[in-house]
Amino acid sequence: MTILLAVDLLHQERCMHIGVDVGGTNTDAALMDGSKVLASIKSPTTSNIGSGVVGAVRSVLDQSGVDVSQITSVMIGTTQFTNAFVEGKRLVPVATFRAALPATESLLPMVEFPKHLADPIGRVSYLVRGGYEFDGREISPLDEDAVAEAARDMKKRGIKSAALSCVFTPINDAMEKRMAEIILAEAPGTQLTLSSELGRVGLIERENATIMNASLTDLAEAVVNAFRSALAELNLTCPFYISQNDGTLMSAEFAEKYPVLTFASGPTNSMRGAAFLSGIKDGIVVDIGGTTSDVGVLKDGFPRESAISVDIGGVRTNFRMPDVLAIGLGGGSIVRQTEDGLTIGPDSVALNLLTEALVFGGKTLTTTDIAVAAGYADIGDKSLVAHLDMAMVAEAVELMHVMIEDAVDRVKSGKGNVPVILVGGGSVLLNRNLKGASEVINPELSGTANAIGAGLAQVGGEVDKIYSYATLGRDELIAQAKQEAIERAVNAGADRASISIVNLEELPLAYLPAGAVRIKTKAIGDLAQEGVAQ
């Protein structure tokens, strides 16, 4: 059973807020008065992300003439954590504690982490007796002495971040919580990440997500503090929030603790912004950036969630992620003539588009040059691409459209044509209808859809657990799941009075005994009036 409710934004008509999206190429900002966009800007991302945020926010305030005292909240989306993990940069060593023995001994933590990630994180792990069956019964009692001894060893090694996992802990998190108490008693100040607070059923994938999060603790503090400092420099004293990868928001303090929840928030922001700008709640969004195009499905105004494990930097995880397909086509993608024919990407000039592309006096043929030479994009100096062979240009234009059409076809969940919404600065690459699209919509302000999506002020909480109806009964367990989702939304910064359940799914598990069922539920509400202090 699935229940989906539309989210109404009309109550925010007089709520001034700023949405910011800090990408690898651009930092975008949008100033919104409820559901009305007053100003927006796209500017290059700076090496010091704080200064880029200051510049973008200052620009929209100057454009609109709105005083900082009128801003009630700031919402920021960022790819900093995703990029850092994928590239293996700025990660801290992590000790992994797993309560599972005598089970799982043959498969150690981080077994599938690639070398460039395993080296900075390390492969320090401690397996102790403990864990649960699917219905919450103990496999064996937690070996508290072993946990304490492991914590002392971790402290000697100088490791200050730990990931805690336990078999079937989404059913019962008592052992993880007890491990946390013991570790903090032996090694005060350790940064702890509990798998029960992040992932779903599936030990290895959930544990992987927990280790990812633990490896980002220092970076999370640095990035969030950079945002705090940027807003303070602008004299913005209102609360600020970080966008999550499910299209909702979390408090800055929550983001410091769970940075992995921002993974893929960039494409999610773009999809939420696309739904908002176009008025289309069900369709396909194509977000064309400088290097890639992200293609995803909108369902009731939110991104469709991936139903399978998601690979991040070569590591499988099972926490919530949008179902997004990325292809190597963007405004800076390099176009080449090879022996096998014309190719586009996947490499891109990216940040160097304004100096490398032909239309800007550079020496690299890009997709932007093709769109200008074809006559449907007005960017740079078109005389600098007048020498291009028009047959080659036509072939490249066709290839760009075919690449997007293939991606749209791959993410479709059924037959028939569906609306396709184009957003992102690279949307100028397309100039005609697409096969499989009932219509192609390129809304006004599509270039800053990601910042607008970040500015849609909603806060969510989610629960995904296995229950047994043989214990308390269906009604009682569903009520418990809903209440837990509501509490998580409140902890993330939502106003309790405004929260509603927007998604409820029951998935019977026939392969498990005792009336086992997987319940997934999501609660969404407005930002709390007083917010979270900076």
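Which strands does helix α6 (residues 203-215) lie across? Helix α6 lies across β6 (95-101), β8 and β9, and runs at about 165 degrees to β8. Helices (H or I, at least four residues) and strands (E, at least two) are DSSP runs, numbered from the N terminus. Axes are lines fitted to C-alpha atoms, for helices over the stretch in contact, and angles run from 0 to 180 degrees between N-to-C directions.

## Basis of the model

This is a predicted model, in which local features need pLDDT of at least 70 and side-chain atom pairs count only at pLDDT 80 or more, while totals for chains, interfaces and linings use all residues. Residues are numbered from 1 along each chain as its sequence is written, and side-chain values use heavy atoms, with hydrogens and water left out.

## The parallel sheet

Four strands form an open sheet in the order β7-β6-β8-β9, with parallel pairing. Two strands pair if DSSP finds at least two bridges between them. The edge strands are β7 (124-129) and β9 (191-194), and each pairs on one side only. From one strand to the next, the twist averages 20 degrees.

Strand β6 joins β7 through 6 bridges, running parallel. Here T96 stands opposite S125 in β7. Of the 7 residues of β6, 7 are buried, so this strand is largely enclosed by the rest of the structure. Buried means under 20% relative accessible area, exposed over 50%, and partly exposed in between (1.4 Å probe, protein chains only). Strand β8 (residues 161-166) runs parallel to β9, with 4 bridges between them. L164 has L194 in β9 as its bridge partner.

## N213 in helix α6

Helix α6 contains N213. Why does N213 count as buried? Its relative accessibility is 0%, so N213 counts as buried. N213 touches T193, L198, K257, Y258, P259 and V260, not counting residues up to four places away in sequence. Contact means heavy atoms within 4.5 Å.

## Packing of α1 and α7

Helix α1 (residues 49-64) packs on helix α7 (residues 217-233) at an angle of about 40 degrees. Their axes are 8 Å apart. The crossing of α1 past α7 is right-handed. That means the near helix is turned clockwise from the far one by less than a right angle; a left-handed crossing is turned anticlockwise.

On the α1 side, the contact comprises I49, G50, V53, V54 and R58. These meet V223, A226, F227, A230 and E233 in α7. By class, the contact has 7 nonpolar, 1 polar and 2 charged residues. Ala, Val, Leu, Ile, Met, Phe, Trp, Tyr, Cys and Pro count as nonpolar, Asp, Glu, Lys and Arg as charged, and the others, Gly among them, as polar.

## Nonpolar cores

The largest nonpolar core has 81 residues. Within it, I71, V74, F85 and F263 touch the most other members. A nonpolar core is a set of buried Ala, Val, Leu, Ile, Met, Phe, Trp, Tyr and Cys residues joined through side-chain atoms within 4.5 Å.

Leaving out residues up to four places away in sequence, F263 touches F81, T82, F85, M212, L216, N245, I312, F319 and M321. Another core, of 41 residues, lies apart from the largest one. Its members include I334, V359, I404 and A437.

## Strand β24 and its partners

Strand β24 (residues 516-525) has 9 of its 10 residues buried, so it is largely enclosed by the rest of the structure. Strand β22 (residues 459-468) runs antiparallel to β24 and is joined to it by 10 bridges.
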